Amino acid sequence: MMGPSHALSGSAAWLAGSWALDQFANVSQSPLEVAVGTAICAGGALLPDLDLSGKVTKNQGGATVARTFGVASLFVAEVVEKFSLGVYTATKLSRDPRRNNGHRTFTHTIPFCLLIGWGTTTLASKYGEWAVVGIVFFMAGLALRGLFDKWAERAGWVIVTLASALIAWFTAANLDGNRGYPLLGMAVGVGCFVHILGDMITKNGVPILWPIPIKRRMWMMIGIPNKMAVKVGGKVEVVILRTVFTAISLLSIAGLFIPSLLEKLNLDVWASK
């Protein structure tokens with residue numbers, strides 16, 4: 001799927017999950033915690049495509065996520081792509097084809113989701129506020145690039161970077177750190193996993209079962225048949241799926257906050273009598 005669809009799916013997943021936890025597990029979050037978690041999950045839903053690099057010296061090409069911070073993020077994407085290709089080459093079996101790029105390899109696996117989620121939580125817990133600021137800055141930039149793709153293209157990477165810095169500063173100033181650290185890692189990991197699920201319904205699938213060997217292949221691509229696959233950038237993705245993701249997000253927001261708002265208004269009415 002395209003970047004905006006991935007980002008929307010991450011937002012929908014986090015908001016729906018937050019509503020479910022609130023309803024069935026009595027796990028409540030403040031509006032700011034929900035907003036930060038949603039932004040980070042949306043950014044995480046773009047993160048696996050850092051394995052699709054572009055032209056670093058010309059600041060061109062690459063996936064949506066790779067263009068977030070200009071040349072800097074394109075360089076990171078180049079490193080991630082080469083690392084992913086190295087993992088593929090080092091672990092492939094006899095029936096795995098040769099590859100000259102690392103797209104849809106290591107970063108599109110469950111171990112990557114778990115590793116990036118664990119790493120995010122560990123980093124934030126060990127180094128505290130400054131690590132949280134850095135994580136929120138980076139992930140908020142990815143979220144802005146995905147959710148507001150056309151605006152980000154027009155504004156350019158400098159404006160996106162400044163907006164990300166503002167979000168990180170506001171979050172650091174207002175978010176309860178004791179509750180925010182575990183949620184950061186969970187949001188990133190969930191976003192990455194949602195990305196993988198999204199790519200499974202497009203052509204060619206993803207190696208979600210790596211490193212389990214199947215029929216002398218370590219990198220078996222798993223997904224729906226190509227004849228049934230969603231066309232990247234097609235009407236099903238752009239119109240139907242994005243509408244569904246948006247509807248889930250809005251309904252989840254309503255479910256999370258309208259009951260408490262009505263309760264507060266009702267209490268205010270009784271207090272005034």
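Which helix is Asp-199 found in? I looked that up first, and Asp-199 is in helix H8.

**Ground rules**

I am working from a predicted model, so I keep in mind that local features need pLDDT of at least 70, that side-chain atom pairs count only at pLDDT 80 or more, and that totals for chains, interfaces and linings use all residues. My numbering starts from 1 along each chain as its sequence is written, and side-chain values use heavy atoms, with hydrogens and water left out.

Helices here are DSSP runs of H or I with at least four residues, strands are runs of E with at least two, and both are numbered from the N terminus.

I went back to Asp-199 and checked its accessibility. Asp-199 counts as buried because its relative accessibility is 2%. For these labels, buried is under 20% relative accessible area, exposed is over 50%, and partly exposed is in between, with a 1.4 Å probe and protein chains only.

Next I listed what Asp-199 touches, where contact means heavy atoms within 4.5 Å. Not counting residues up to four places away in sequence, Asp-199 touches Met-1, His-6, Asp-49, Arg-104, His-108, Gly-205 and Val-206.

Then I turned to Glu-81, which has its place in helix H3. Glu-81 is buried, with a relative accessible area of 4%. Leaving aside neighbours within four places in sequence, I find Glu-81 in contact with Leu-50, Asp-51, Ser-53, Asn-100, Asn-101 and Gly-102.

Most residues other than glycine have a negative phi, and most peptide bonds are trans. I went looking for exceptions.

Arg-104, one of the contacts of Asp-199, has a positive phi of about 60° although it is not a glycine. I place Arg-104 in the loop between helix H3 (71-91) and H4. Arg-104 is buried, with a relative accessible area of 13%.

Asn-204 is not a glycine either, and has a positive phi of about 85°. Asn-204 sits in the loop between H8 and H9.

Where is Pro-211? I found Pro-211 in the loop between helix H8 (177-200) and helix H9 (235-272). The peptide bond leading from Trp-210 to Pro-211 is cis, with omega near 10°.

**Entry: aromatic rings**

I used this rule: rings of Phe, Tyr and Trp (its six-membered ring) pair if their centres lie within 6.5 Å, and planes under 30 degrees apart are stacked, over 60 edge-to-face, and the rest tilted. How many aromatic pairs does the count come to? I get eight aromatic pairs. Trp-19 and Phe-24 form an edge-to-face pair, 5.8 Å centre to centre with 85° between the planes. Trp-19 is partly exposed at 30% relative accessibility, whereas Phe-24 is exposed with a relative accessible area of 67%.

I also noted a cluster, in which ring pairs link Phe-83, Tyr-88, Phe-106, Phe-112, Trp-210 and Trp-219. Arg-99 lies over the face of Tyr-88, at 5.5 Å from the ring centre. The test for that is NZ of Lys or CZ of Arg within 6 Å of the ring centre and within 35 degrees of the ring normal.

**Entry: helix against helix**

Axes are lines fitted to C-alpha atoms, for helices over the stretch in contact, and angles run from 0 to 180 degrees between N-to-C directions. The axes of H4 and helix H5 (residues 129-147) come within 6 Å and cross at roughly 145°. Thr-120, Leu-123, Ala-124 and Tyr-127 of H4 make this contact with Glu-129, Trp-130, Ala-131, Val-132 and Ile-135 of H5. I sorted these residues into seven nonpolar, one polar and one charged. In this sorting, Ala, Val, Leu, Ile, Met, Phe, Trp, Tyr, Cys and Pro are nonpolar, Asp, Glu, Lys and Arg are charged, and the others, Gly among them, are polar.

Is Ile-135 buried or exposed? Ile-135 is buried, with a relative accessible area of 11%. Not counting residues up to four places away in sequence, Ile-135 touches Thr-120, Leu-123 and Ala-124.
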